[in-house]
Amino acid sequence: MDEHATTSPGERPDGAPVPTPPAPAGPPVEPAPDERAPVEASVPAAAPTSPAGAAPGSVPEQPDGNPWRGYVQLPTVGSSAPERVSALRPGAPDAEATAVLPALAPRAASTPGAPAPAGTFPGAGSPPPAPTAVPPTQTAVLPALAAPDAGPTGAPPNDDILRGLGDEPAPSRTRRTLIGVGIAVVALVGAYVGAQWLVSDKIAHGTTVAGVEVGGMTVDDATRALDDALGDRTTEPVAVVAGAKKARIDPRKAGLTFDARATVEPLVSFSLAPSRLWHAMFGGSDVAPVTTVDDAKLEAAVAKVAKSVEVKPRDGGVAFSDGAATSVAPRDGTTLDGGKATTILTDGWLTAHGALELPTTTVRPEVGADAVEAAMVTAGTVTSSPVDLTVGSQKVRLPGDVLAEAATFVPDGSALRLQLDAKTLRADVLARSTKLLTAAKDARFTFVKGRPTIVGGANGTGLDARALASAVTAAAAKESGRAANVPLTTVEPTTTRDDLAKLGVKEKVSEFATVLTNEPVRTKNLEVGASKISGDLLKPGKTFSMVDALSPITSEAGYYKAHMIENGQFVDAVGGGLSQVATTTYNAAFFAGLDIVTHQPHSYWFARYPEGREATIAVGVIDMKFTNDTPYGVVVQSWVGGGKLHVAFWSTKYYTVKSTTSPRSNVVKPSTVHDSSKTCIADPGGEPGFHVSVRRLVSREGSVVKDETNQWTYKPQDRRVCTSGGGDG
């Protein structure tokens, strides 16, 4: 049997008859010129056409001898010959093949209403006319179709791809059925929507809110009913229970407000939800009340409850008492679940029957029983026997009770770590050794043959407390070999000899002296004061305080009672005469060009001091201060000799100072005062009161950098006569 079947005239490739359409009515239509033009497509082989004399519908042979699988005839407008479309070419699945559409030939004229002549489409008859050549510009190319596979029986598949073109569909009732169904659906939807509308203005019967019946009511009626029924409940404290704790929460302070209208409005609004119609027909249900929440207030209220509920977990531990270790059992803690508690309060504060139960969470301690058990074993080892230390060149033994006194166990994650107190161990080692450490000696200035000389600056030895604790801890944790070596450390002085050498203290930059009085005890105070300030170093940028340098001004510090001015009168007091140290030092700073921070002259002028250029002191009241504003160190030198108190400053010359004092003005002569008090001290007086000003010009490399004027008014020094036996008359 041929692999490729051919079709007979008037048949489809599957053997079915080709339907014959009715003949067109009226005269034949002449095709337009362009309609008569053939449509061609070039192919690798010669385009298939029906040879002359071939029977209509027969399959033309191809140059290679293979027949075309079939063709169909298409009715054409204004043509007596059929259009022929070739089917797929078999035998060459990879070859390109394109179909040729023959030109449209005009039909033969026929009588209106007469049947189509034999050989015209769609019946059998004359073969289609041969195509007429046309210019290439009028040729259309149709892409080839891949050859279809054979059918399951091996027969060629039905490749009449245009079968049924132009056939009339069979009559059907589908349209009428669909229209009927549509009308029914529209009617049902309309009825459903109407029913929903009818029930939308009132709440479904049987509906309750927090136990209050609102079924069948309008929004306004239901709102009033809920406000009336629940009004008291919205202000009553809400009882809560959390763990073993009980509390009451004021809903107003907690920011909880019942909104009755917001609760009922959704129950009457129009809706297409089936549940709405169901509830209207068969009854509503209980509806949760709507609560307006102030988040900040509610959070604060819950936090207050949480604070009362909270029980912090206790870590397990080990402690030492009287040299023995005792264990502390771990304990769980409790905390309020704030998030869930907030939700429970918001949802149930109006509907709860009894106290609301707020959830709590158990908090486990980080250090549990296993860690305690392990630490107890370590504690027993620590106190089991002494630890022998070699510290420097000395041997020190620390017994178990000393170790227990210093030992603690501290949490370290989920474990307990042994820790020995460093300060306690250091004190114990020093107490059990002999002169183990030596102190470092700071370098300082002293005066040798009248010149500043650097002395001291020696290193000392020290004991690093942390290194000691680490070594002892490691040894104490061992059951045997409980010994450790702890080397001493070198302690450098705070001020080294090199530090002082860099300060540039090489020459005397200023000196001043004031004469002594004829009071030996007062002179002793000056000697003590001079010894206290001599050798003092004032580094660049530092400030010198006269009161601080001389203090404490007490008998224990070597001072004596002597005459001094207090509240305008002469009295005997410890440290009397130290204002002369202040005055002399002030002038040394004045002529060194240093910044004077504060000073105050005496209320009376004494001839042993320069007018307007002197200073007094009173502990806690008046001080004399100056600042070293040079880049060099300043060393103070002071001594008593030659009937004078001397103060000199040693440094590197930095400033040049010139001073002028104005003539006296507003002079007031002294008078005589009679004093009958028992504390009266006679004073010959004699110095007048007056006003004076002192100007200081400080220069640096020829330029004035400070121009200062100080003014002061002295009171007259009246003659004081004691009239009740006091003083020396």
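In this predicted model, Ser662 sits in the loop that runs between strand S33 (656-661) and strand S34 (665-668). With a relative accessible area of 23%, Ser662 is partly exposed, because the range for that class begins where buried, meaning under 20%, ends. Once its neighbours within four places in sequence are set aside, Ser662 is in contact with Val692 and Ser693, and the side chain of Ser662 reaches the backbone nitrogen of Ser693 at 2.9 Å. His691 lies 29 residues from Ser662 in sequence, while the C-alpha to C-alpha separation of the two is 9.1 Å.

The lining divides by class as follows.

| Class | Lining residues of the largest pocket |
|---|---|
| Nonpolar | 21 residues |
| Polar | 15 residues |

Helix H7 (residues 338-348) has Ala341, Leu345 and Gly348 as its buried residues. These residues cover an arc of only 95° around the axis, and therefore they lie on the same side of H7. The face turned away from that buried side carries the exposed residues Lys340 and Asp347. Among the elements that cover the buried residues of H7 are helix H6 (295-309), strand S5 (238-242), strand S6 (245-249) and strand S12 (333-336).

Technical notes. Residues are numbered from 1 along each chain as its sequence is written. This is a predicted model: local features need pLDDT of at least 70, side-chain atom pairs count only at pLDDT 80 or more; totals for chains, interfaces and linings use all residues. Side-chain values use heavy atoms; hydrogens and water are left out. Buried means under 20% relative accessible area, exposed over 50%, partly exposed in between (1.4 Å probe, protein chains only). Helices (H or I, at least four residues) and strands (E, at least two) are DSSP runs, numbered from the N terminus. The arc is that of the directions from the helix axis to the C-beta atoms. Contact means heavy atoms within 4.5 Å. Ala, Val, Leu, Ile, Met, Phe, Trp, Tyr, Cys and Pro count as nonpolar, Asp, Glu, Lys and Arg as charged, and the others, Gly among them, as polar. A polar contact is a pair of N or O atoms within 3.5 Å; within protein, one must be able to donate a hydrogen and the other to accept it, and residues adjacent in sequence count only if both atoms are side-chain atoms.
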